[in-house]
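The following paragraphs lead through a single protein chain, from its overall make-up to particular residues. Please keep the sequence and the model in view while reading.

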Amino acid sequence: MAAQKINEAHEHIAKAEKCLKTSLTKWKPDFDSAASEYAKAAVCFKNAKQYDQAKDAYLKEAEYHTENKTAIEQAGMMMKEQKKMPEAIQYIEKACMMYMENGTPDTAAMALDRAGKLIEPINLEKAVDLYQKAAGVFENEDRLRQAVELLGKASRLLVRLKRLDEAAVALQKEKNMYKEIENFPMCFKKTTAQVLIHLHRGDYVAADKCVRESYSLPGYSGSEDCVAMETLLQGYDEQDEDQVYRVCNSPLLKYMDNDVSTADMLLQRNVLPPATIKTFIILFKAIFVCYDSADCYL
């Protein structure tokens, strides 16, 4: 079966090359027909799992059919099949630029999102960049719901990368977007995430400010999120282990996965304000619990 598909692919390539030739009776190459034959060859190579040859055929298709931007993205997917993720992302990003130039920004944003998912398991930094770019495209198109979802993905990865200053900025942007689309319950959750991140950074003032600013959100004052964060801030300020434990062990945070090892590492690096180790392990478990739960905080 594979051999048959490879032979078919070569036949299509031969036809494509014939379309590109000129003669006394044929003065111009037939680029459209050549592109069509290269596209057929690419599919045959792909079905035969000859991904490198399929990639070359897709690039040839794109070369002779400049309006077809998906061919370049498909070339990237052939690199993905070979586990060559950096090369795959390069082709997908190139396709996205062409989508933008062609006036199809939504297609570009969705491709960037797909690229982020592909690279995330091996390169969190690049995934953050791709998600943020995709969010920016959607934001420019006033598609805030799609933009804020992608910002949430980026924020989660920034926390995993321990780029907490950037995570705090991203969270504020998310919160502003949710406020603009009047999704106030998500604003509450983002405030909770902000408080945890700022306390992680050792910035009690910034954490307290987030809660105070959220009082203006309809329904926030007196809500479960509000009371929990007020209680947490009080426990943090007074270094009350039991109070911190009660908040972090509440249903708001309890039933989620967590990452204690990150808290331990930060404690060993002495980047935390003075307090008991037990209190901060409890607190930092809550921080990473928060970002491992897409349903609640992202």
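This is a predicted model: local features need pLDDT of at least 70, side-chain atom pairs count only at pLDDT 80 or more; totals for chains, interfaces and linings use all residues.

The protein chain contains 16 helices and 0 strands. Of the 298 residues in the chain, 48% are buried. The accessible surface of the chain amounts to about 15,100 Å², and carbon and sulfur atoms contribute 50% of that area.

The interior may be considered next. In soluble globular proteins, nonpolar side chains tend to be buried together. In this model the largest nonpolar core comprises 84 residues, and the members with the most contacts inside it are Val195, Leu199, Tyr220, Met229 and Leu232. Helix 8, which spans residues 144–160, gives the most to this core, namely 9 residues. What does Met229 touch, once residues up to four places away in sequence are not counted? Its partners are Thr192, Val195, Val211, Tyr220 and Val247; two of these, Val195 and Tyr220, are also listed among the core residues with the most contacts.

An annotation from the record concerns residues 154–181. The unreviewed UniProt entry labels this span a "coiled-coil region". In the model, the span is 86% helix and 0% strand, and its end C-alpha atoms lie 20 Å apart.

Which of its residues are buried? They are Ala71, Ile72, Glu73, Ala75, Gly76, Met78 and Met79. An α-helix has 3.6 residues a turn, so residues three or four places apart point the same way. The buried residues of helix 4 pack against helix 2 (31–47), helix 3 (51–64), helix 5 (85–101) and helix 6 (105–119). After helix 4 comes Lys83, which has a positive phi, near 65 degrees.

Finally, consider Lys5, a residue of helix 1 (residues 2–20). Is this lysine buried or exposed? The relative accessible area of Lys5 is 18%, and because the limit for a buried residue is under 20%, Lys5 counts as buried. Apart from its neighbours within four places in sequence, Lys5 is in contact with Cys44, Asn47 and Ala48.

Definitions and conventions. Residues are numbered from 1 along each chain as its sequence is written. Side-chain values use heavy atoms; hydrogens and water are left out. A nonpolar core is a set of buried Ala, Val, Leu, Ile, Met, Phe, Trp, Tyr and Cys residues joined through side-chain atoms within 4.5 Å. Buried means under 20% relative accessible area, exposed over 50%, partly exposed in between (1.4 Å probe, protein chains only). Helices (H or I, at least four residues) and strands (E, at least two) are DSSP runs, numbered from the N terminus. Contact means heavy atoms within 4.5 Å. UniProt positions are given in the numbering used here, feature names are shortened, and annotations may be inferred rather than shown by experiment. Accessible areas come from the Shrake-Rupley method with a 1.4 Å probe; for residues, only the protein chains shown count as cover.
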